[in-house]
Amino acid sequence: MKNWLTTTKAPSVPAKVPAKAIASRAEFERKMAEFRRATGKLESCRIAFVCAKTAEPFDVEFGRASAAEIFKVTAIEKRSSSTSSSALIAASAPAVRNFDIEAFSFAGWRCPCCGNGDFVRCGCGQINCRWRPMREVAGRRLYKCEPGCGAEGPLSTMHAIDASEAATTRNKPMALSATVRPSLPAAQAPRLLPRTK
């Protein structure tokens, strides 16, 4: 009997891509940062604050071009007091991330309501501008969370902060509303032709 089995050639292995052709992660991040700066599409996030003097809520938007940079203040906007931060979060459901506090530069941060340039975060989660003076009680300096939960305690160093994804309407396509949609011409009542005989 004849042996019909034959050996086959191993499939050819593709040539290795030169190391120069493979862009490093750092090079990619650098090019993305240049692109973001050129287009103005920064990585951005938003932190909700409350003025301790007027109880008015406001948001501060931060932006950066790459993960190697720190977030800088790009906008400070008052929010209508009828919209609470919990209602705003529930309505839009933005992604919330926890950041190291060192990832942010608060240069230029100011409360738009009272002009104070410092803030305090309470254990209840609310972040107030630090307009209220601290009280001295038995040799300890205490800060009261108002408006908020009313808790009082000493200040300590903040190590982390939560920020939600900044939803910018200018980047999202606008849906047509009923008033914007073009309407068809109004239907005219059929006209009868006059009788000629």
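1. Leaving aside neighbours within four places in sequence, phenylalanine 62 is in contact (heavy atoms within 4.5 Å) with Glu43, Ser44, Cys45, Ile47, Phe71, Lys72, Val73, Thr74, Phe104, Ser105, Phe106 and Trp109. This is a predicted model, in which local features need pLDDT of at least 70 and side-chain atom pairs count only at pLDDT 80 or more, while totals for chains, interfaces and linings use all residues. Residues are numbered from 1 along each chain as its sequence is written, and side-chain values use heavy atoms, with hydrogens and water left out.

2. Phe62 also belongs to the largest nonpolar core, which has 24 residues. A nonpolar core is a set of buried Ala, Val, Leu, Ile, Met, Phe, Trp, Tyr and Cys residues joined through side-chain atoms within 4.5 Å. Buried means under 20% relative accessible area, exposed over 50%, and partly exposed in between (1.4 Å probe, protein chains only). Ile47, Phe49, Phe58, Phe62, Phe104, Trp109 and Ile161 touch the most other members of the core. Two or more residues of this core come from each of β1 (43–50), β2, β5 (119–121), β6 (127–129) and β10 (160–165).

3. The protein chain has 2 helices and 10 strands. These are DSSP runs numbered from the N terminus: helices are H or I with at least four residues, and strands are E with at least two. The order from the N terminus is α-β-β-β-α-β-β-β-β-β-β-β. Of the 197 residues in the chain, 23% count as buried. Among contacts between residues at least 6 apart in sequence, 50% join residues at least 24 apart.

4. The structure holds 11 salt bridges. A salt bridge is a side-chain nitrogen of Lys or Arg within 4 Å of a carboxyl oxygen of Asp or Glu. One of them joins arginine 97 to glutamate 43, with the closest N and O atoms 3.5 Å apart. Arginine 97 lies in strand β4 (residues 96–100) and glutamate 43 in strand β1, so this pair ties together parts that are 54 residues apart in sequence. Arginine 97 is partly exposed at 43% relative accessible area, and glutamate 43 is partly exposed at 21%.

5. Aspartate 59 lies in strand β2 and arginine 79 in the loop between β3 (72–78) and α2 (85–92), so the pair ties together parts that are 20 residues apart in sequence. Strand β2 covers residues 57–64.

6. Glutamate 146 forms a salt bridge with lysine 144, the closest N and O atoms being 3.2 Å apart. Salt bridges that share partners also join Arg46, Asp59, Glu61, Glu77 and Arg79 into one network. Glutamate 146 is partly exposed at 27% relative accessibility, and lysine 144 is partly exposed at 34%. A cis peptide bond joins glutamate 146 and proline 147, with omega about -5°. Proline 147 is in the loop between β8 and β9.

7. Strands β7, β8 and β9 form an open sheet in that order, with antiparallel pairing. The edge strands, each pairing on one side only, are β7 (135–137) and β9 (152–153). Two strands pair if DSSP finds at least two bridges between them. Strand β8 (residues 140–144) is joined to β9 by 2 bridges. Tyrosine 143 stands opposite glycine 153 in β9.

8. How many disulfides are there? A disulfide is a pair of cysteine sulfur atoms within 2.5 Å, and the count comes to 0. Cysteine 51 is in no disulfide, its nearest cysteine sulfur being that of cysteine 111, 3.7 Å away. Cysteine 51 is buried, with a relative accessible area of 0%. The sulfur of cysteine 122 is 3.5 Å from the closest cysteine sulfur, in cysteine 149, which is too far for a bond. Cysteine 122 counts as buried at 17% relative accessibility.

9. Two alanines deserve a backbone check. Alanine 55, in the loop between β1 and β2, has a positive phi of about 65° although it is not a glycine. Alanine 55 is partly exposed at 40% relative accessible area. Alanine 138, in the loop between β7 and β8, has a positive phi of about 50° and is likewise not a glycine. Alanine 138 is exposed, with a relative accessible area of 79%.
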